[in-house]
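Grab a pencil and open the model in your viewer.

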Amino acid sequence: MNRRVVIAILALLVFGVVRMPFEAHLEKEHKAAYFHGANLDLSLREKIGQMGFLAALSGFRALVADFLWIHAHAFWERTEWGGMKVDFDAVTALQPRCLLFWSQAAWHMAFNASVAALEDPKQPREALRIKAQREYWKLGEDYLLRGIANNPDVYNLYGDLAFLYREKFKDHCKASEMFAKSAKFPDSPVYTHRFVLYELAQCPGHEREAYEGLLKLYKVGESERLPTLLKHLGELQEKLNVPADQKVYIPPAANP
Amino acid sequence: MSTPAISIQNLTKIYPIPFKREKVTAVQDLSLTVEPGQVYGLLGPNGSGKSTTMKIVLGLVSPTSGRTEIFGRDSTTVESREDVGFLPENPYFYKYLTGQETLRFYGKLCGLSSAKIRDRSKELLKLVGLENAADRRLAGYSKGMLQRIGLAQAMIQEPRLLVLDEPTAGVDPAGSREIRDLILDFKKRGITVLLCSHLLEQVQEICDRVGILNHGALIREGTLDELISIQDQTELILENATPELLADIHALLGKSSARLIEERKPQKTLERYFLDVTGTPQP
Amino acid sequence: MTATPTATQHKAFSLARISAIASNTLLELIRLKVFYFMLLFALLIIGSSFFTSKFTFQEQFQVLKDVSLGAMSIFTWLLAVLATAMLLPKDIEDRTLYTILAKPVPRFEYLLGKFIGVLLLLFIAISLMSAVFVVVLYTREQDAIANAARYVPDNAYSDQVKSIHAACFNSNLVPGIAIIYLKSALCAALTLLLSTFASSWIFTIITSVVVYLIGHIQPIARQAYLDSATTSHLTKVFLAVVALIIPDLTSLSLVDDIVVGNAIPMLIFVKTAGLGVTYICVYFFVGYLVFSGKEL
């Protein structure tokens with residue numbers, strides 16, 4: 001019996017030797033397919049505690065992340081933005097492939113926390129309130145950039161980042177760039193290719209490029225001749241001094 | 001000459017003790033033969049090697065050296081068990097199964113078809129007196145009933161050899177009598193029985209041959225007549241003997257070299273008395 | 001019964017014997033009332049909605065899927081370990097093992113029948129849990145669509161319904177659940193192997209749990225062993241033992257990423273499933289190797 005146990009252990013060792021290269025290769029393939037991207041390091045362990053870390057290691061990352069997500073929203077109810085950020089950092093480390101977490105974390109920082117900071121009654125100095133607001137915008141931007149780094153294969157976070165640049169940073173050039181990246185994906189929303197041009201139209205030095213693009217869309221037909229497209233087309237025609245006989249669209253105010 | 005039902009040749013079994021140098025010799029150079037159709041009693045005190053010998057015959061334990069055969073087939077092979085039915089000591093079958101389902105389960109293990117299992121189950125349940133309890137879960141069976149269903153499962157594939165370990169242990173006198181009668185019935189059908197028991201009176205009643213083990217070795221073996229008959233004594237039991245006849249016999253004894261050792265009224269066994277007063281019918 | 005019985009033919013391999021043992025094992029395990037945990041499962045996934053009622057529907061569906069698949073993972077793992085750890089010790093203690101092996105049943109068929117019984121139990125458990133999960137998810141999806149019909153403007157309604165469908169069931173969950181099953185089957189095979197030489201079922205369970213935990217960091221040991229140039233000899237030996245003996249359970253822990261929408265390419269699924277099946281076969285055969293020589 002003991003001899004058989006020894007043979008069994010040897011058999012397991014041999015199996016271990018045989019499977020090791022296959023498993024190492026499979027691990028690489030998993031990572032290439034965006035599995036096991038979670039960053040389970042010691043800083044995470046400090047954030048989520050021993051039991052949470054053990055649970056995360058034992059194949060229950062998603063549950064630990066959800067628990068922290070709900071916990072973060074308890075902070076939201078008390079507008080404790082710092083506490084929310086700590087939880088969001090842990091959640092996104094645990095579930096880097098969950099677009100919802102990156103998107104919502106960015107939204108809370110850039111759209112909720114930033115407004116709360118700007119209107120903070122405890123901060124009398126406006127300059128400091130504006131500074132805090134911009135810091136929260138940057139936190140939102142950071143979440144989306146890290147989210148994109150973990151999810152370069154989907155359109156969603158590019159679109160979210162584009163909206164952030166457009167709405168908060170008022171950086172239409174970057175917004176256009178992000179909409180363009182989103183539009184490259186076949187499943188991106190239909191409006192994305194238009195938004196690329198709308199933002200480009202507001203990006204200094206790119207008016208001609210935007211005009212060419214909008215003109216091309218205009219010539220597609222009625223389905224593309226939406227009010228915003230027409231508005232930007234009209235504005236660019238004026239900015240670029242397009243000759244009257246080449247103008248394809250006359251804004252209503254210019255009509256006699 | 002027919003093939004022996006069980007043939008044990010120079011069987012030795014040594015168990016190593018974990019973490020220690022010394023070993024335990026459970027069976028030592030044992031040789032014995034059980035002929036077909038015999039009821040063979042394997043006796044011995046606790047630790048004498050009976051269970052080990054039985055387990056080796058059944059292929060549950062492998063010998064250190066020596067050979068055991070069942071009807072000429074090496075008993076370490078699975079095929080040899082086609083011919084064997086086994087009832088362990090204090091068996092504990094699956095409680096949630098009924099008697100019928102238990103026989104069906106063991107029948108399937110023996111490769112019997114559903115139709116054959118149905119027929120055999122009906123026969124065996126009748127034989128062991130459990131027809132009325134066939135649909136009752138084993139959890140509701142008494143000790144005697146469990147032993148009887150155990151015998152039935154042992155017989156399910158019509159084996160040529162039955163190995164019974166303490167078949168009447170813990171069973172009341174009535175149940176014990178029924179089991180012994182079943183064993184004698186099996187013998188009449190030509191089934192060989194290897195029986196291990198501590199209840200020596202019962203062994204005496206049903207066995208043809210006995211082997212006595214002690215410290216792993218066979219110290220005595222033979223028919224009961226060979227082993228326990230007191231050769232130089234004769235027992236006569238007389239019915240309706242008159243005092244005059246008894247006086248004549250005493251006078252004859254006085255003239256011979258024979259010595260009268262004892263004269264008394266024979267006694268029923270306590271078991272027979274118990275069965276009579278509790279109303280259990282005679283076999 | 002009529003004439004003296006005669007010698008019978010033996011079948012070297014019999015599916016009928018294996019299926020008799022498997023179905024009996026399944027019946028035995030079901031009778032342990034293990035399916036009461038199904039109630040707990042249903043309560044968990046329905047109860048999870050109480051914590052997320054103020055969240056968006058995407059968040060609610062995410063939590064529902066995470067809790068369901070997380071609970072499926074843990075329950076099937078627990079079931080695998082607890083059901084398997086008791087299989088052999090119970091039969092040995094009750095001596096039913098002797099009555100079975102005294103029949104013409106090869107030890108291989110006995111062990112295989114027992115193991116298949118456990119696999120069937122796990123399959124039934126995971127199927128039931130999946131059914132409850134799908135029903136609850138579908139009900140919540142219909143609720144979300146009804147809410148959209150009430151509150152979302154007409155021009156945005158169809159986009160909203162598309163978002164609801166996208167957030168709800170995704171077909172990658174099916175291979176995800178298959179991998180959960182394979183992982184629990186692997187744990188069952190490992191537990192069976194341990195029980196063939198363990199002295200008690202408590203030892204089997206504890207060892208199985210420890211191996212489960214270490215199995216999730218085995219890739220770290222493997223990588224450290226393969227990469228190491230300057231570690232001490234003793235450390236290298238320790239890493240080698242962990243890397244070679246302990247199974248790599250992270251390779252079968254894909255559901256956390258699948259549940260958030262990460263697609264699993266077919267080839268990778270086949271390789272992963274193949275690895276899982278190989279583990280199961282190897283552990284079973286090594287367990288048989290030990291059991292075949294076990295003195296009963």
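**Exercise 1. Find the salt bridge that C:Glu295 forms, then describe the contact between chain C and chain B around it.**

Step 1. Look at the pair itself: C:Glu295 bridges to B:Lys13, with 2.4 Å between the closest N and O atoms. A salt bridge here is a side-chain nitrogen of Lys or Arg within 4 Å of a carboxyl oxygen of Asp or Glu.

Step 2. Before going on, know your model: it is predicted, local features need pLDDT of at least 70, side-chain atom pairs count only at pLDDT 80 or more, and totals for chains, interfaces and linings use all residues. Residues are numbered from 1 along each chain as its sequence is written, chains are lettered from A and ligands numbered from 1 in the order in which they are written, and side-chain values use heavy atoms, with hydrogens and water left out.

Step 3. Count across the interface: the rule finds one salt bridge between chain C and chain B. There are also 13 residue pairs in polar contact, both residues being at pLDDT 80 or more. (A polar contact is a pair of N or O atoms within 3.5 Å; within protein, one must be able to donate a hydrogen and the other to accept it, and residues adjacent in sequence count only if both atoms are side-chain atoms.)

Step 4. See who takes part: helices H1 (15-30), H4 (96-101) and H5 (107-151) of chain C each supply at least two residues of the side that touches chain B. H1(C) gives the most, with six residues. (Helices, H or I with at least four residues, and strands, E with at least two, are DSSP runs numbered from the N terminus.)

Step 5. Finish with the extent: 34 residues of chain C are in contact (heavy atoms within 4.5 Å) with 46 residues of chain B. The buried area is about 3,500 Å², and carbon and sulfur atoms give 58% of that. Buried area is the accessible area (1.4 Å probe) that two parts lose on being put together, summed over both.

**Exercise 2. Describe the contact between chain A and chain C.**

Step 1. Start with the numbers: 43 residues come from chain A and 60 residues from chain C.

Step 2. A:Arg4, A:Met20 and A:Phe35 supply 14% of what chain A buries against chain C, more than any other three residues.

Step 3. Look for charges: chain A and chain C share six salt bridges. C:Asp256 pairs with A:Arg61, the closest N and O atoms being 3.9 Å apart.

Step 4. Count polar contacts: the tally between chain A and chain C is 21 residue pairs, both at pLDDT 80 or more. On chain A's side, helices H1 (2-32), H2 (42-77) and H4 (99-118) each give two or more residues, and H1(A) has the largest share, 21 residues.

**Exercise 3. What is the strand order in the open sheet of four strands in chain B?**

Step 1. Read the order: the sheet runs S2-S1-S4-S5, with antiparallel pairing.

Step 2. Find the edges: S2 (23-34) and S5 of chain B each have a single partner strand, so one side of each is left without a neighbour in the sheet.

Step 3. Zoom in: S1 (residues 6-16) and S4 (residues 65-70) of chain B pair in the antiparallel sense over five bridges. (Two strands pair if DSSP finds at least two bridges between them.) B:Ile8 stands opposite B:Thr68 in S4(B).
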